[in-house]
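Subject: Structure handover and notes

Hello,

Here is the structure I said I would pass on. Please look it over before reading my notes below.

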Amino acid sequence: MTTLLARARAIRHSNTWIYSTMLFSALVSLTASLVLSIDAVELARNPTADLSCNINSVVSCGAVGLSWQAQLLGFPNAFLGLIAEPVVITIAVAALGGVRFPRWFMIAAQTVYTLGLIFAYWLFYQAIVNIGALCPWCLLVTVSTTVVWVSLTHVNIRDDYLPMPRAWRGWAREAIANDIDLMVVVAWLLVLALIIVTHYGAALFS
Amino acid sequence: MIYANVKADSSYEGAKIMGTEAGNRHTAAKKAVASARAGQRGHRTIMVIGGAVIVVLIAAIAISVITAMNDGDKTGADGPLVVPATATADGGLKVGTGPVAVDIYLDYMCPYCGKFEAANHADIQALVDDGTATVNLHPLNFLDPQSRGTEYSSRAANAVATVADKDPGHVLDLNTALFENQPEEGSEGLDDAKIADVAASVGVPQNVTGTFEDRTFVPWVTQSNDAAFANGIEGTPTVKINGVVTDVDLYTAGPLRDAVTAAAGTTK
């Protein structure tokens, strides 16, 4: 049991595991972005289009897709996913193939992806507070973006790439070695689920 | 990598042990074992705390989901189909007995329906009162997604259908009053109590307004809504005069009244 746990922990910190997770999540994110982009084009052509994910008054891609927040930069946000996720996929595949990226590259990736994460959560907040509707593909993007960001951060802390004060680096490495990141992510995703079910309640299932 | 670091650390410990006196070697090894155990204990504590938090969260989600699913019935959407007493076969609420049929498709969340209503409600009332027209109101609920999950369109339409069933004399008054109190599109809309207040203000008795929250007619509203869109309605407001969609200006007073009066001339 203990050795099994130790082995699982060792695997969790291996390149194969981290980059496979990143690859899988980035593929999920890319798929969701593609669906959302197609929906955005469909909605532009016909605002009352009956999208497959218009399930009820709360679970509705249409209501989200027609909001101004869905086109913050003047074009559908999902296009950003189509631009960014292939880069993440490339990094993950290359790393799985044994490529080691220089520190500046990983810092750049971390910086850009952090902006993406902030954007994803701003959209989540808008969907909950101001739009009042959820779209399943957008939620998938929120979750997969979180997982990609966590795996990227995991690898950058593990390799000591992040420009942080020495004390913070030690603390961060300690946290990762103790699997605190894993628990925080699982708890965090559960908190998101809890926010959704408590905020929308019965309307989700009607 | 961490695994490799652990190895590096222990070989470092090993080097230290080898570098010390034999007497100290034992203590150092003991220390290393103790610190490894402490690390394991620390990890176990973290696992226990993290696991507990996760279990609590899962339980909270499960409870919320179960509560929500039990509450789900209150939206009325899954209830049996109850048809209002004055309903027409195609989902209208019949008011008046005049020869000209005026079908009005509307959604209480739709801003243009509010403009239509403001321009025409006096004429519509007059056409019904003088026996020129039978008005069939079709309150739809396709704008439910525009009320942040409160399904205002369904609730308002249900209130009107309830009044049509139990107090038909007040249907047009309630229709007008709901548009006078129309919420902004995309807001949560009026709550059930406020809808009841609006109905009471036009004279609907309390024993009728008290049943709004039962949402008895929501399945009927949904059925009418779907029927309307299946039969070629593309948006609201849409007005049919004797079954034909009219293209007169709906947002100024007069043109609709004239069109209905003209139809009355040919109908008679």
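Predicted model: local features only at pLDDT ≥ 70, side-chain atom pairs only at ≥ 80, totals over all residues.

Chain A: annotated spans

An unreviewed UniProt entry annotates residues 17–38, 78–97, 104–125, 131–155 and 176–202 of chain A as "transmembrane region". I looked at two of these spans. Residues 104–125 of chain A are 100% helix and 0% strand, and the C-alpha atoms at the ends of that span are 32 Å apart. For residues 176–202 of chain A the figures are 85% helix and 0% strand, with 38 Å between the end C-alpha atoms.

Helix α8 of chain A covers residues 180–200, which is 21 residues. Just after α8(A) comes Gly201(A), with a positive phi of about 50 degrees.

Chain A: helix packing

Sorted by class, the contact of α2(A) with α4(A) has 19 nonpolar, seven polar and one charged residues.

The second pair is helix α5 (residues 103–131) and helix α6 (residues 136–158) of chain A, which pack with axes 9 Å apart at an angle of about 150 degrees. That angle makes α5(A) roughly antiparallel to α6(A). The crossing of α5(A) and α6(A) is left-handed. On the α5(A) side, the contact residues include Met106(A), Tyr113(A), Leu117(A), Leu123(A) and Phe124(A). On the α6(A) side they include Cys138(A), Val141(A), Val148(A), Trp149(A) and Leu152(A). The contact of α5(A) with α6(A) divides into 13 nonpolar, eight polar and no charged residues.

Which way do α3(B) and α5(B) run relative to each other? Helix α3 (residues 111–129) and helix α5 (residues 171–180) of chain B have axes that come within 9 Å and cross at roughly 160 degrees. That makes α3(B) roughly antiparallel to α5(B). The crossing of α3(B) and α5(B) is left-handed. From α3(B), the residues in contact are Cys113(B), Gly114(B), Glu117(B), Ala118(B), His121(B), Ile124(B), Gln125(B) and Val128(B). They meet Leu172(B), Thr176(B) and Phe179(B) of α5(B). By class, the residues of the contact of α3(B) with α5(B) are six nonpolar, four polar and one charged.

Chain B: backbone points to check

Two places in the backbone of chain B may interest you. The peptide bond from Thr236(B) to Pro237(B) is cis, with omega near -5 degrees. Pro237(B) is in the loop between α8 (218–230) and β4 (238–241) of chain B. The other place is Glu151(B), which is not a glycine but has a positive phi of about 55 degrees. Glu151(B) sits in the loop between β3 (133–139) and α4 (152–166) of chain B.

Contact between the chains

How many residues does each chain give to the contact? Chain B gives 28 residues and chain A gives 30 residues. On the side of chain B that touches chain A, the elements giving two or more residues are α1 (2–19) and α2 (22–71) of chain B. The largest share of that side comes from α2(B), with 15 residues. By class, the side of chain B that touches chain A has 15 nonpolar, eight polar and five charged residues.

Regards

Conventions
Residues numbered from 1 in each chain as written. Chains lettered and ligands numbered in written order. UniProt positions renumbered as here; feature names shortened; annotations may be inferred. Helix = DSSP H or I, 4+ residues; strand = E, 2+ residues; numbered from the N terminus. Axes fitted to C-alpha atoms, helices over the stretch in contact; angles between N-to-C directions. Parallel < 35°, antiparallel > 145°, perpendicular 65-115°, else oblique. Left-handed = near helix turned anticlockwise from the far one by under 90°. Contact = placed C-beta atoms within 7 Å. Nonpolar A, V, L, I, M, F, W, Y, C, P; charged D, E, K, R; others polar. Expected span 1.5 Å × (residues − 1).
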